[in-house]
Amino acid sequence: MAVTSCRTFLARLRTAGVAADDPEELRLQKSLLFFATGLICFASVAWLLIYWQLGPRFSSNLPFALQLLLVGNLLLYLWTLNFNFFRQVQLALFLFMPFVAQWSIGSFIDASGISLWALLAPIGAVLFIGPRESGAWFFAYVFLTVLSGGFDFYLADSLLAQPPKVPLRTTAFFFALNFVAVSTIVYLLLRYADGEKHKAQQRLQEAHRLLQVEQDRSERLLLNILPGPIAKRLKDSDQTIADGFAEVSVMFADIVNFTRVAEGLTPQQVFSMLNKIFSSFDELAEKYELEKIKTIGDAYMVAAGLNDACRNPAESLADMALEMCALLHHDFSVNEMHLELRIGIGTGPVVAGVVGKKKFIYDLWGDTVNVASRVTTEGVPGIVQVDQRTYWRLCNSFDFQEPQTIQVKGKGSMIVHRLIGRRAATRVSA
């Protein structure tokens, strides 16, 4: 227990008593007060030694007492971490001890204006507490200065009749020394404060930069989940997002015999296989400015017509579907298992929106989605199959096989068209 307390005390001493959760302004105040305490402790010893070197042998009791009080209060603070009490006591010592020293020597002139050191109290109050609270300390400094001056004024005749305690040369030297010393300490404190504020500003800028990086990362992650306009609406409002679209083309792509193929693979191999294929599909969706909706197991869902970026939604979706088939047929670095796709496209009205508040996704609902899913399920591997409404949108630019009639669950008989490819006349313009 004692060893732990000792280590804690030493750690506080090394860090000037600064706690990890202290705000930047409080950190600066603690650091400045530690710095000022060290400067004044050093200056009081140097002041006494220089006096002795020049002749006058003043008692060392007062400087030694100042040292003990300053250091003792510092150690008490490190033990209790009561910073408010610590700075009030230190400022009181800064203020009163110079006047006590002056009164013990004699007049303002005999003491070479040593009371000027008390100016460090109101200046320190500005730095350690704040400009508004420093007014009382400045008033106390002015009051003690006027009081000392009044005593010297009324006792001037009696003081002149006595031989001077300090030689005039020493008095003149210490007048200059006191002004230089106080000015130096004030300068060092202000410079130290400016340096610490600059460091704090750099830390704040670095924190802001890291926050901006994290925000950009979160923004990219959100845009990978939701379309840009939807993400913006979610951030700007808590309202439910549900939009109706009169005509949207929806495509599903299923991997043929995926369950049978996956049975002989490890989970890592299954993930790697799907990740390669679906990542390639994502690139195609971005190329054709289409909106990927989601993946459902081995199924991939894309929609066209949800935004203004795509000028010919149904045609862009058909081009992407054909390129997906070609990719799996020719690029075996992506399709190592030589898998095939069943692709179906349906066109019509949909409702698009975000459901729920957690783990939400942007999804589509409506009969058009059901039709696209059924057309895909009843499709032929390697073939893109579309419903009648999609055919009307594509027939002028694409070639099709003869129409087929299929039985669709919940719909009965449905005419579908199997896409061959773009017509030669439209391939160049596309």
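This is a predicted model: local features need pLDDT of at least 70, side-chain atom pairs count only at pLDDT 80 or more; totals for chains, interfaces and linings use all residues.
Biologist: Which side chains meet in a salt bridge with 2.8 Å from N to O?

Modeller: A salt bridge is counted where a side-chain nitrogen of Lys or Arg lies within 4 Å of a carboxyl oxygen of Asp or Glu, and here the side chains of D363 and K294 form such a pair at 2.8 Å. Residues are numbered from 1 along each chain as its sequence is written, and side-chain values use heavy atoms, with hydrogens and water left out.

Biologist: Are D363 and K294 buried or exposed?

Modeller: Buried means under 20% relative accessible area, exposed over 50%, and partly exposed in between, with a 1.4 Å probe and protein chains only; by that scale both D363 and K294 are buried. In another salt bridge, E323 pairs with K287 at 3.1 Å between the closest N and O atoms, and this pair links helix 12 (residues 313-330) to helix 11 (residues 267-287), 36 residues apart. E323 counts as partly exposed because its relative accessibility is 25%, whereas K287, at 52%, is exposed.

Biologist: How many bridges join strand 1 to strand 4, and in which sense do they pair?

Modeller: Strands are DSSP runs of E with at least two residues, helices are runs of H or I with at least four, and both are numbered from the N terminus; two strands pair if DSSP finds at least two bridges between them. Strand 1 (residues 241-255) and strand 4 (residues 341-354) are antiparallel over 13 bridges, with G244 having V351 as its bridge partner in strand 4. Strand 1 is also joined, by six bridges, to strand 3 (residues 299-304), again in the antiparallel sense, and there A253 stands opposite Y300.

Biologist: How much of helix 5 is buried?

Modeller: An α-helix has 3.6 residues a turn, so residues three or four places apart point the same way. Helix 5 (residues 120-128) is mostly covered, with seven of its nine residues buried, among them L120, G124 and F128. After helix 5 comes G130, which has a positive phi near 150°.
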